[in-house]
Structures are given as structure tokens and as C-alpha cells.
Amino acid sequence: MATLCVALWIYGGKWDERRPALAAALLVVMILGWYATRAVGLSLALAVGAYEVLVVRRIRRFSVCFGLGMILALVLYTKFIYDANGYGAEFHLASRAYLANALYYLGAPARLWNGCPRPIRWLLGVVLCALVVTALVRHLKKLTILEFYLLATIVPVMLYHSYSDRYLLPALAVLPIYAGEAVAWLGSFLEPHRRRIAMAAIGA
């Protein structure tokens, strides 16, 4: 999450335009450190690349420095430290497996409350997903790097043949952010005194 926060800080503070080379170098180092612990660290690199291509839509110093920096860093890391090509064996074409993965991971939000009775657990999971979808629909008008990061963490897990919620943790950690944003937006439709009561009830 620290690397994601750095990426959001860079884009939010316009450091990608003010200090493009420095911002790109910092992000490459942070992503490489994340990748050194978990292969999912590359999801942020994919998110940055997709954001630059689909949203920014122009070649600029930051995107060039970041792209070249990531390529060089990955080549050196793979050659001298660790070759992660073994993960590729787990990705193979199997449409039924993809459907099974999707159905399994749809229950991941509900499993966040495994200590609760089953009906409550699934109710909370459905509410969380509904709030996240609400926030994502609002973000379609102005996409941020966070949406691309969410997609980049979910899609590989759907294609990976292993059932474990731990692979989805990077995405699950982001869901409460969207849920909180949706709650705040929905609360804005209430009168001020009712809004305070609603927020207090949710907080409790």
C-alpha cells in the first residue's frame, strides 16, 4: 500500500509534471521493492502504464522515464536476483477455470467477516460490493490511477489457477476506500442533522 500511496501522491501533487525524472525513478524503485516481496507488485506498473496510455494519451518525460526505468530494472532483477518466470506455468487457457475463479473470488468481500454468522457475512459483503460499484460508476467520468490498479490486481488473480483470498488482498485493501467515498456521497443527499446520525450509526 505504501507504493500505491506514493503513486497517488505523485499524480495528486503533479510531481509527474514538475519533477518527471525524479518521480519516475522513485516510483520504479518503490515498485521494484514491492515486486521483490510479491509478484503482484507489478500490478502497479501495469496500472501506471495503462493510465498513461488511456488517460494521459501523450508521450511525456515521466512516461518515458518510467517505462525505460521499469524495463531496465526488471531485466537486471530477473538476470541477477530472481527469475519469476515460473509463475507463468500457472497461467494457461481454461475458460471453465476462469469462471470458477470468478465465482470463488466474488465471495471474497463476504469472507472479510468470516467471524460473523453466514447471513450477516454475506449481507455485509453485498453491501460493500454495492458501495464499491456506486463509487466506481461515479469515477468513470474521471478515471484515476486507482481504478487501473484495482483492475490490474483483479484480472491476473482471475486467470491464476489457485484458490486463495491472499492473492486478492491488494484489491480488498482498496475496496473500503471506495465504500467510504460512496457512503459520503450518499450521505450528501441527507439533511445535515440526519447526515450526522447516519454517519454515527455507520461508524458504530
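A: Buried residues account for 34% of the chain's 204 residues. Buried means under 20% relative accessible area, exposed over 50%, and partly exposed in between (1.4 Å probe, protein chains only). The model is predicted: local features need pLDDT of at least 70, side-chain atom pairs count only at pLDDT 80 or more, and totals for chains, interfaces and linings use all residues. Residues are numbered from 1 along each chain as its sequence is written, and side-chain values use heavy atoms, with hydrogens and water left out.

The chain has 12 helices and 0 strands. Helices (H or I, at least four residues) and strands (E, at least two) are DSSP runs, numbered from the N terminus. The chain exposes about 12400 Å², with 70% of that supplied by carbon and sulfur atoms. These areas come from the Shrake-Rupley method with a 1.4 Å probe; for residues, only the protein chains shown count as cover. Of the contacts between residues at least 6 apart in sequence, 69% join residues at least 24 apart. Contact means heavy atoms within 4.5 Å.

His-139 lies in helix H8, residues 118-139. His-139 is buried, at 15% relative accessible area. Leaving out residues up to four places away in sequence, His-139 touches Thr-144, Glu-147, Tyr-178 and Glu-181.
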